[in-house]
Amino acid sequence: VQRTLVLVKPDGVARGLIGEVLRRIEAKGYTLVAVDLHTADDSLLAEHYAEHAGKPFVQPLIDFMGSGPTFAAVVEGHRVIEGFRSLAGATDPTTAAPGTIRGDLARDWGRNVIENIVHGSDSPASAQREIALWFPAL
Ligand code: GTP
Ligand code: MG
């Protein structure tokens, strides 16, 4: 079966939304394989966001992602990569569809980083790479 890496980013953790995100994942029918709560360090975040290296928003993004604890989970189920991306909604929370995590729970605060509550791997190759980074023991 397929696995994906889900992160509740520091904005979601600070706002008390871990339970709400897990509720939606479990209500959809997906299975939790592993979970962890810790503040990510710069080397992990630089690796995680390697595809964005050199873009102007990558340093603000890494600073934000290291600003407090992130809740990380490996989630399993047939087509879960696509399924969780659908639960999460579009990257920009202002226009993310109502009914999605970002559409219902996130907004633009006018800061220099997009705070959009969750991350979900975008392909099987990304999922494999990201799970190895966040859960090296799995
Ligand atoms: P993730 O699930 O977090 O990976 O989001 P995504 O796949 O919808 O977006 P993407 O991988 O393209 O970007 C990763 C993260 O970088 C986003 O969730 C945003 O927090 C941030 N980001 C992406 N594009 C921009 C941008 O144009 N400007 C800014 N400020 N941040 C961005
Ligand atoms: Mg992405």
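Trainee: In which element does His-119 lie, and which feature does UniProt place there?

Mentor: His-119 lies in strand 4. The UniProt record, an unreviewed entry, places the feature "active site" at this residue. Please keep in mind that the model is predicted.

Trainee: Does His-119 count as buried or exposed?

Mentor: The general idea is to count neighbours: a residue is buried if 20 or more other C-beta atoms lie within 10 Å of its own. His-119 has 21 C-beta neighbours inside 10 Å, so it counts as buried. Leaving out residues up to four places away in sequence, His-119 touches Val-6, Leu-7 and Lys-9.

Trainee: At which positions does UniProt place the feature "binding site"?

Mentor: The unreviewed UniProt entry gives Lys-9, Phe-57, Arg-85, Thr-91, Arg-102, Asn-112 and Asn-116. These positions are spread over 108 residues of sequence, and in space they reach up to 23.3 Å between C-alpha atoms.

Trainee: Where does Thr-91 lie, and with which residues is it in contact?

Mentor: Thr-91 is in the loop between helix 5 and helix 6. It has 10 C-beta neighbours inside 10 Å and therefore counts as exposed. Apart from its neighbours within four places in sequence, Thr-91 is in contact with Ile-114 and Asn-116.

Trainee: What can be said of Arg-85?

Mentor: Arg-85 belongs to helix 5. There are 17 other C-beta atoms within 10 Å of Arg-85, which is why it is classed as partly exposed. Beyond residues up to four places away in sequence, Arg-85 touches Gly-120 and Asp-122.

Trainee: Which residues of helix 5 are buried?

Mentor: For a helix, one notes the buried residues and then looks down the axis. In helix 5, residues 80–88, the buried residues are Val-80, Ile-81, Phe-84, Leu-87 and Ala-88. Viewed down the axis of helix 5, they fall within an arc of 125°, so they line one face of the helix.

Trainee: What covers the buried residues of helix 5?

Mentor: The cover includes strand 1 (3–8), helix 2 (18–28), strand 3 (70–76), helix 6 (101–105), strand 4 (118–120) and helix 7 (124–134). After helix 5 comes Gly-89, whose phi is positive, near 85°.

Trainee: Which residues other than glycine have a positive phi here?

Mentor: Among them are Arg-79, with a phi of about 65°, and Ile-117, with a phi near 70°. Arg-79 is found in the loop between strand 3 and helix 5, and Ile-117 in the loop between helix 6 and strand 4. Arg-79 is exposed, with 12 other C-beta atoms within 10 Å, whereas Ile-117 counts as buried, with 25 C-beta neighbours inside 10 Å.

Trainee: How many residues does the largest nonpolar core have?

Mentor: In soluble globular proteins, nonpolar side chains tend to be buried together. Here the largest nonpolar core has 25 residues, and those with the most contacts inside it are Val-6, Val-75 and Val-118. At least two residues of this core come from each of strand 1, helix 2, strand 3, helix 5, helix 6 and helix 7.

Trainee: Which residues does Val-118 touch?

Mentor: Not counting residues up to four places away in sequence, Val-118 touches Val-6, Leu-7, Val-8, Lys-9, Gly-12, Val-21, Ala-88 and Ile-101. Val-8 is in strand 1 and counts as buried, with 26 C-beta neighbours inside 10 Å.

Trainee: Which residues does the UniProt domain annotation cover?

Mentor: The unreviewed entry carries the annotation "domain: Nucleoside diphosphate kinase-like" for residues 1–138. Over residues 1–138 the chain is 41% helix and 17% strand, with the end C-alpha atoms 15 Å apart.

How values were computed:
Residues numbered from 1 in each chain as written. Chains lettered and ligands numbered in written order. Predicted model: local features only at pLDDT ≥ 70, side-chain atom pairs only at ≥ 80, totals over all residues. Helix = DSSP H or I, 4+ residues; strand = E, 2+ residues; numbered from the N terminus. Arc of directions from axis to C-beta. Contact = placed C-beta atoms within 7 Å. Core = buried A, V, L, I, M, F, W, Y, C linked by C-beta atoms within 7 Å. UniProt positions renumbered as here; feature names shortened; annotations may be inferred.
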